[in-house]
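Thanks for coming. I will go through one structure this morning, part by part, and keep it brief.

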Amino acid sequence: MLIPLGQLALYLALLLGVMAVVLLTVGTFRRDSLAARIGREALIGSTAMVLATAAVLVVALVRCDFRLQYVFQYGSLSQPLVYRISALWAGESGSLLTWTALTLLALTSFVVSRPLTRKVAAVGALAALLPLLLLVILTVESRPFATIPLQTPTLQAADPAPSTETYVYQVPPNGRELKLQLQTWAMIVHPPLLFAGYAVLVVPFAIALANLLGDRLADRLDVLRRYLLVGWTLLTAGIALGAYWAYVELGWGGYWAWDPVENASLVPWLLATAALHTLTVSRRSGRLLRTTLILTIASLLTCVLATYITRGGIEESLHAFAKGELTQCYLYFALAAIAAATVSLVGAWPGKADGDRPAPSRRVWLMVVVAAVLTAFAAAVFLGTVGPQVLSGLGGPRYQISIEDWNILGAVFGLLMLGVMIAGPWLTGGLRAKGNRVAPLVAHASYVLLVVAVAGSHIVRDDLTAWFAKGQSADLAGHQFTYEGVTVSDDAQRSIETIRAAVTVSRNGRTVAHLSPAHKFNYRTGDQRAEVDLTVGPLQDLYVSLDPRMGPDGEALLSVHRTGLVVWLWGATGLMTLAGLAAAWRRSATPGGEQP
Amino acid sequence: MRRMPTVAILLLLALSAVADSVAAQVADAPASAATRARAVRVRVVSLGGKAAPEGIPVELTVMLKEMAAEPVQATTDAAGVAEFTVSLPPEIARNVPCVAVVQHGNIVFPSEVAGLGASDSSEAVELTICVALPPGRLPTWSHYALASIWVLAVGLTVFRKSDHRLPD
């Protein structure tokens with residue numbers, strides 16, 4: 001009974017979503033209060049139905065209902081409850097469902113928390129387009145409630161008197177389980193945080209697009225700021241947690257590999273950061289309004305493209321252009337929004353907002369420089385990620401940007417931003433802005449800390465990978481790493497075998513730490529995962545990971561790393577997140593604020 | 001007990017190329033009076049891995065030409081397990097596929113296909129059958145009914161005479 005209920009809820013969510021978009025649009029154009037009101041109720045109803053759909057899928061995951069293909073793929077009887085629940089965002093349809101639910105929640109919070117006006121209806125209609133697109137994909141293509149089909153016997157001719165009503169139904173007794181690497185606390189929190197960030201950015205996107213289309217550029221900038229800040233904060237925390245997960249799980253001693261998935265989340269963050277900077281000028285003096293709005297729109301569009309890249313892989317997606325029609329909807333949405341923004345931008349240029357004004361102040365120029373640097377960085381990362389695959393897809397040469405080149409790019413832009421940040425206030429006559437400056441100061445200070453930590457982790461870096469016989473030691477950066485042997489344990493209930501090495505770290509004959517890196521094998525699914533062990537210090541981390549290969553006499557292949565200032569990185573991103581939350585919490589008293 | 005569905009078994013048989021090759025091998029092998037006993041344990045579970053109640057009839061089919069026509073039957077014990085002992089000709093050096101099924105109404109629930117006979121181990125071959133009825137579906141008319149209500153609601157709202165002005 002549960003599965004049909006989930007299907008019904010998803011179907012109703014789609015119907016109500018279409019209704020919301022249609023009626024909010026009618027309400028906006030005809031100034032029809034009743035249509036807009038019903039549209040708003042439909043939006044709330046659609047949100048409720050999507051939440052119900054997600055709840056049904058979670059119940060199916062918890063109950064291990066392997067009749068559902070999604071549950072079979074990501075569930076398991078031996079999986080702890082928390083990972084059964086987090087399997088909701090492990091696969092494509094579950095992730096899309098999570099993103100849709102969070103987007104609709106963010107949008108509903110915007111629509112119900114203020115009086116229904118023409119502007120609110122327009123923003124609601126525009127913003128609801130994205131969750132509506134996701135609902136279409138979920139209903140028609142992705143289908144979270146796809147079940148294992150009943151098979152009709154095909155060899156009836158082989159049986160002299162077959163029963164025509166006999167069906168074969170093979171339900172797997174157990175599921176394939178989440179990958180072991182995903183069974184960590186960081187992976188419970190990291191994806192929903194990123195999706196929540198993407199979701200919240202829908203509201204500023206819609207406000208920006210409505211402002212551009214309606215040629216009322218300065219409307220609701222205070223609301224735009226608040227939602228942009230919340231989205232930026234969630235993205236910051238999500239990206240930082242993803243880096244932390246890579247650091248403690250992947251076993252290579254680093255935290256950022258310029259992987260397409262990582263880059264895809266960095267681009268919207270950079271654009272949202274640029275938009276937040278230009279917004280400070282826009283709200284005070286009405287300058288850089290179009291720049292702010294375009295950056296806000298671009299930050300959401302790159303989120304959509306990020307999902308397009310990360311869910312299914314860009315190369316697969318490029319190949320899917322010819323056959324996966326609905327997957328292209330992502331691109332159609334992005335292209336349509338870019339076209340709408342461009343048309344409205346061209347139409348509004350030169351806009352009424354600028355008029356005959358005095359020459360821009362140095363502060364405005366500073367923000368132009370900040371936005372330019374951040375946007376150039378975002379563009380470079382985006383092109384560097386997508387470009388090679390697109391070129392190769394079009395039959396061009398196949399090339400790949402090396403991690404060293406990426407690091408140089410990151411260092412150039414990172415230092416450029418630091419330079420602008422330090423020189424900016426000095427050139428513009430210091431920080432003379434009104435209001436509470438604690439949150440921005442903390443955010444900028446944490447950026448300095450972040451740059452120091454990243455630089456430290458690249459400069460103070462020693463690596464050693466070697467075979468160790470039992471009792472053998474190796475020196476790395478003044479520390480002796482002694483391999484003491486391995487133990488093997490078997491968790492029969494979870495079908496997991498763990499090989500754990502014992503490593504003693506000493507310095508000048510004094511024991512500093514006992515580390516026990518491990519490698520886990522799931523012999524039921526064939527999956528495996530490295531479990532690194534590390535000592536965290538204020539200046540350096542000592543980090544050991546164990547390779548699954550073992551020597552004939554119990555030798556172990558250990559990777560030993562010393563990395564500087566990594567803990568500062570987590571501190572910096574934590575501070576940045578807190579600063580974002582504090583800034584979003586504070587109601588701004590500056591002009592350009594919320595209008596009824 | 002109702003007649004077990006040989007159609008389903010044949011379907012699975014046809015899916016397994018191994019079965020054909022082994023059958024061919026057996027056909028060529030010299031006959032022998034001695035046989036080897038192999039234990040097969042079939043665990044019957046419902047959704048969530050809960051053991052099935054006692055007394056569920058289970059049928060095991062060993063995919064040898066000589067044996068496929070005569071599946072063996074057993075019923076589940078209190079732990080939801082049905083035990084079988086299969087006698088294989090000693091000449092069989094490779095795995096012989098076997099499959100267990102449970103029938104409920106017109107639906108056959110098969111286990112995975114396992115290999116029998118390759119090793120001399122006395123350990124029982126383990127098979128699991130998950131007995132869960134297919135989930136229901138929303139009737140097609142309900143989709144049309146909901147879509148019609150939707151069209152009616154949206155149509156009435158859009159095409160009525162508007163007399164409430166939305167503020168800017």
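**A sheet, a helix and an interface**

Let me start with a pair of strands in chain A. Strand E2 and strand E11, residues 556-564, both of chain A, run antiparallel to each other and are joined by eight bridges. One of the positions to look at is A:Phe468, whose bridge partner in E11(A) is A:Ala556. Please keep in mind that this is a predicted model.

Those two strands belong to an open sheet of four strands in chain A, ordered E2-E11-E10-E9, with antiparallel pairing. At the edges are E2, residues 461-468, and E9, residues 533-536, of chain A, each of which pairs on one side only. On average, neighbouring strands of this sheet are turned by 10° against each other, direction ignored.

What lies across E2 and E11 of chain A? That is helix H17 of chain A, residues 438-459, and it runs at about 135° to E11(A).

Now a single residue. A:Ala477 sits in the loop between strand E3 (473-476) and strand E4 (479-491) of chain A. Leaving aside residues up to four places away in sequence, A:Ala477 touches A:Asp462, A:Arg507 and A:Arg562. From A:Ala477 to A:Leu288 the separation is 189 residues in sequence and 51 Å in space, C-alpha to C-alpha.

Another helix of chain A is H5, residues 92-112. H5(A) has 21 residues and spans 30 Å from its first C-alpha to its last, close to the 30 Å expected at 1.5 Å a residue. Because 16 of its 21 residues are buried, H5(A) is largely enclosed by the rest of the structure.

Over to chain B. Strand E1 (residues 36-45) and strand E8 of chain B pair in the parallel sense, over six bridges. Within that pairing, B:Arg43 has B:Thr128 as its bridge partner in E8(B). E8(B) covers residues 125-130 and is mostly covered, with five of its six residues buried.

Last, the interface. How many residues of chain A are in contact with chain B? There are 53, and they meet 43 residues of chain B. The two chains bury about 4,100 Å² between them, 67% of it on carbon and sulfur atoms. On the chain A side, A:Tyr11, A:Arg31 and A:Tyr169 lose the most area to chain B, together 15% of what that side buries. As for salt bridges between chain A and chain B, the count is zero.

Conventions
Residues numbered from 1 in each chain as written. Chains lettered and ligands numbered in written order. Predicted model: local features only at pLDDT ≥ 70, side-chain atom pairs only at ≥ 80, totals over all residues. Heavy atoms only, no water. Pairing = 2+ DSSP bridges. Axes fitted to C-alpha atoms, helices over the stretch in contact; angles between N-to-C directions. Contact = heavy atoms within 4.5 Å. Buried < 20%, exposed > 50% of the residue type's maximum accessible area, 1.4 Å probe, protein only. Expected span 1.5 Å × (residues − 1). Buried area = accessible area lost by both parts, 1.4 Å probe. Salt bridge = Lys/Arg side-chain N within 4 Å of Asp/Glu carboxyl O.
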